[in-house]
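Student: I have a new structure to read. Can we go through the words used to describe it, one at a time?

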Amino acid sequence: MHNPYSNNSGALTTAGGLVVTGYADGTLAAYDDTTLEELWKINVGSGFNAPPMTFEAGGKQYVAILTGLSRQSKNKLVLTPELREMRQQTMLFVFGL
C-alpha cells in the first residue's frame, strides 16, 4: 500500500475486513485488512484531516468522513505543486458499504 500523499486522517477498521483511510489529496480508499489490497477508492477533491467513522442505520453500514485540511496540513501541500490549488471546503461525505 503506497500513496504519494500524506495521511493526516488516521484509519478505520471494520469487522467486515476493511481498512478505510483518507489522504491529503482528497482520496478516500478501502483496503483488505489481511492483504492490504486496495478494494476501492474515490477522490472527492478536498483533503482529509478527520478520521473516517462508521455507523449502521436501517440494517446498512455506512462510512462517513469530513473533508478540510488543517493549516499545518495545507502548508505541507505548498511543496506539492499539483495539490497547491486544491479546494479546501469542509464537507461531510457518507458512503454506503
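Tutor: Start with Leu92, which is exposed at a relative accessible area of 53%. The model is predicted, so local features need pLDDT of at least 70 and side-chain atom pairs pLDDT 80 or more, while totals for chains, interfaces and linings use all residues. Residues are numbered from 1 along each chain as its sequence is written, and side-chain values use heavy atoms, without hydrogens and water.

Student: Why is Leu92 called exposed?

Tutor: Exposed means over 50% relative accessible area, buried means under 20%, and partly exposed lies in between (1.4 Å probe, protein chains only). Leu92 has 53%, so Leu92 is exposed.

Student: Where does Leu92 sit?

Tutor: In strand β7. A strand is a DSSP run of E, at least two residues, numbered from the N terminus. Phe95 is found in strand β7 too.

Student: Is Phe95 buried or exposed?

Tutor: Its relative accessibility is 18%. That is under 20%, so Phe95 counts as buried.

Student: What does Phe95 touch, beyond its neighbours within four places in sequence?

Tutor: Contact means heavy atoms within 4.5 Å. Phe95 is in contact with Leu28, Ile42, Val44, Gln61, Tyr62 and Val63. Gln61 is 34 residues away along the chain, yet the C-alpha atoms of Phe95 and Gln61 are separated by 8.7 Å.

Student: What makes up the largest nonpolar core?

Tutor: Ten residues: Leu12, Leu18, Val20, Leu28, Ala30, Val44, Phe48, Val63, Ile65 and Phe95. A nonpolar core is a set of buried Ala, Val, Leu, Ile, Met, Phe, Trp, Tyr and Cys residues joined through side-chain atoms within 4.5 Å.

Student: How many aromatic pairs are there?

Tutor: Three. Rings of Phe, Tyr and Trp (its six-membered ring) pair if their centres lie within 6.5 Å; planes under 30 degrees apart are stacked, over 60 edge-to-face, and the rest tilted.

Student: Why is the pair of Phe55 and Tyr62 called stacked?

Tutor: The centres are 5.3 Å apart, within 6.5 Å, so the rings pair. The planes are at 20 degrees, under 30, so the pair is stacked.

Student: What about the rings of Phe93 and Phe95?

Tutor: The centres are 6.3 Å apart and the planes at 10 degrees, so this pair is stacked. Ring pairs also link Trp40, Phe93 and Phe95 into a cluster.

Student: How do you know that Phe55 is partly exposed?

Tutor: Its relative accessible area is 36%. That lies between 20% and 50%, so Phe55 is partly exposed.

Note on methods: Helices (H or I, at least four residues) and strands (E, at least two) are DSSP runs, numbered from the N terminus.
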